[in-house]
2 protein chains.
Amino acid sequence: MSLLASTARPSEAGTVHIALGDRSYDIHIGPGLLGAPSVWATVPQAHSAVIVTNETVGPLYAERLAHALGTRFRRVLQVSLPDGEAYKTWESLNRVFDGLLAAGCDRKTVLFALGGGVIGDLTGFAAACYMRGVPFVQVPTTLLAQVDSSVGGKTAINHPRGKNMIGAFYQPVQVVADLDTLDTLAARELSAGLAEVIKYGPIADAAFLDWVEAHLDALLAMDKEALAHAVRRSCEIKAWVVGQDEREGGLRAILNFGHTFGHAIEAGLGYGEWLHGEAVGCGMVMASDLSVRLGLMPPSFLQRMVRLVERARLPVRGPKLGTDRYLDLMRVDKKAEGGEIRFVVIEALGRAGVRAAPDEVVAEVIEAHTG
Amino acid sequence: MSLLASTARPSEAGTVHIALGDRSYDIHIGPGLLGAPSVWATVPQAHSAVIVTNETVGPLYAERLAHALGTRFRRVLQVSLPDGEAYKTWESLNRVFDGLLAAGCDRKTVLFALGGGVIGDLTGFAAACYMRGVPFVQVPTTLLAQVDSSVGGKTAINHPRGKNMIGAFYQPVQVVADLDTLDTLAARELSAGLAEVIKYGPIADAAFLDWVEAHLDALLAMDKEALAHAVRRSCEIKAWVVGQDEREGGLRAILNFGHTFGHAIEAGLGYGEWLHGEAVGCGMVMASDLSVRLGLMPPSFLQRMVRLVERARLPVRGPKLGTDRYLDLMRVDKKAEGGEIRFVVIEALGRAGVRAAPDEVVAEVIEAHTG
């Protein structure tokens, strides 16, 4: 079976390469990949493969994946976790470790993260830490994971005091984004994924922003060709950014457009109340307004972003947490330095920057877009 | 103040360099280093420094270190953990994270591991994971940590099912081995450190084995010149090995001479019952016997090692756990692959190798040296 299955145009499916020296890897994108043994032929050989998944995704896809892996591994085990951001915790991580150790898994064991962003981040961190590092493969089954979280090697769990506070930069050996797994995605999850797709335009590619606006209805209708292009172009932009700045020393921070406000929303409400993509959607509106208030962008940019986020069926108003609470939550963001909050702002369509902003201006943004 | 303080010969104190590309760093060795601001002048600048220590070492040395760091950091915080291998756990790690997050520490914060191997391994792993990685400095205060665990970037915590099972390869930005901190070391801890010093001779430097035999009484008497040479030569050998194989793809495994048997002893008794160095001392006797039984070394080598380990006041007989239990415990060792135990053996004086051994021969070794 070819990577380029018949339902996708050859130009829209295929492979995106992440160039990171000896940590380079490929992202395979297309329908029908999960059950195709040829896709898995480049994964490192080992005695054991372990599929880490959750109770929603596992029953749908784990057997198909296990069957394909059976040609390459002597045994294929499975660890299933509860579904949701609320389980991106040390306790879940330890369930993975318990499973690996109980089965006598050695340090050549390959982990497969089958699920959305929570499973990908947690499994990647488990792989980074188990016996000081085993190989892992990302098998993202949500749009958000396919366009963002499965690519680039950021792994983490949450801490009660902050999202993704405990983690590692640890690259997968391969990413397999099977577009067919999106068929079972809930509408709310699809919208959450679109938030990250929308993100790539303003920060890196004005033409892609135009394309997303023109094809948003097709994306919402789960049109496979539109999804294939959205996933591929998102991965290309992310690959370009991560290839220049693997460990977020500078440029990579632009991928966090909307995330500083978004993380405050998630933390303030308690993780899992809003989906990550929902918080990012609303956060992009706030960060767009900040860009306008700082004189970087015209007011029409904010209107354009509000309209697009709304059309994607994402919230454009944040919860009423209080301005001080928002500011406090943002001060513990990982981008903060010495207590100063750092915001990703749009400096021109397709170009982002990171800078501090006066508390009064940030307060105006919060008051205009929450409650 | 010079790094070469007056009580040490210039040739025996000073600096050992670990060459690891952009992860290279220096080990400073000598008396009087802890309170010398010049030693800390090359540590990255940041708003906050956090000293992670334990309830035994903290009261002795934390204030001296905090004072020296006060010239370079706006605030110097401290997190103190209970003392002992039994606390090398997720719970202790989380106490460090709680402390860092409660104080609003950002991702430029520098951690200082002030203590022995447990503090160094745990603090290094905390640094590897906190906000996906912050810089850390090793400040080893035990002989074992100065000659072994603080150098080379292996960090970890224990899991109920195995020692050091959860961890990372993560290099410190500097190591500061102040020989004066050994003044408060208990005799049992000194002997435990000597186990790792003894190790370097058979695996890498036959002349150093001769030197250790000739100077063991001086080392036991805490002679500073002898200690300075032992620390320096141990670090040089470790630097040479780690520089060639940072992530234990091959050569580095020789540093685990005695550790496969030793880890089984520690796990079988429960961590903390025997000191790590005590288990390694006994483990070296067993691994030496294995080398003899495999026909690699003459019986006189075993006698020589038994004599030296005994003189260092280390145990030469392991606890009676039962042969099957030893074998089971060794099968979950990180060096095991597909259930096959891999042993570090001596192939010639000053040269080690890694290989499997028939269960019957390993059983003979266990029966000859335990109970």
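How many residue pairs are in polar contact between domain 1 of chain A and domain 2 of chain A? The count is two residue pairs, both at pLDDT 80 or more. A polar contact is a pair of N or O atoms within 3.5 Å; within protein, one must be able to donate a hydrogen and the other to accept it, and residues adjacent in sequence count only if both atoms are side-chain atoms.

## Basis of the model

This is a predicted model: local features need pLDDT of at least 70, side-chain atom pairs count only at pLDDT 80 or more, and totals for chains, interfaces and linings use all residues. Residues are numbered from 1 along each chain as its sequence is written, chains are lettered from A, and side-chain values use heavy atoms, without hydrogens and water.

## Two domains

Chain A has domain 1 (14–184) and domain 2 (187–221 + 257–369). These bounds come from an automatic or database domain assignment. The domain centres, taken over C-alpha atoms, lie 28 Å apart.

## The interface

In domain 1 of chain A, 14 residues contact 18 residues of domain 2. Contact means heavy atoms within 4.5 Å. Together the two domains bury about 1,200 Å², 66% of it on carbon and sulfur atoms. Leu143(A), Leu144(A) and Lys163(A) supply 41% of the area that domain 1 buries against domain 2, more than any other three residues. Buried area is the accessible area (1.4 Å probe) that two parts lose on being put together, summed over both.

## Salt bridges

Two salt bridges are counted between the domains. A salt bridge is a side-chain nitrogen of Lys or Arg within 4 Å of a carboxyl oxygen of Asp or Glu. Lys163(A) and Glu266(A) form a salt bridge through their side chains (3.4 Å, N to O).
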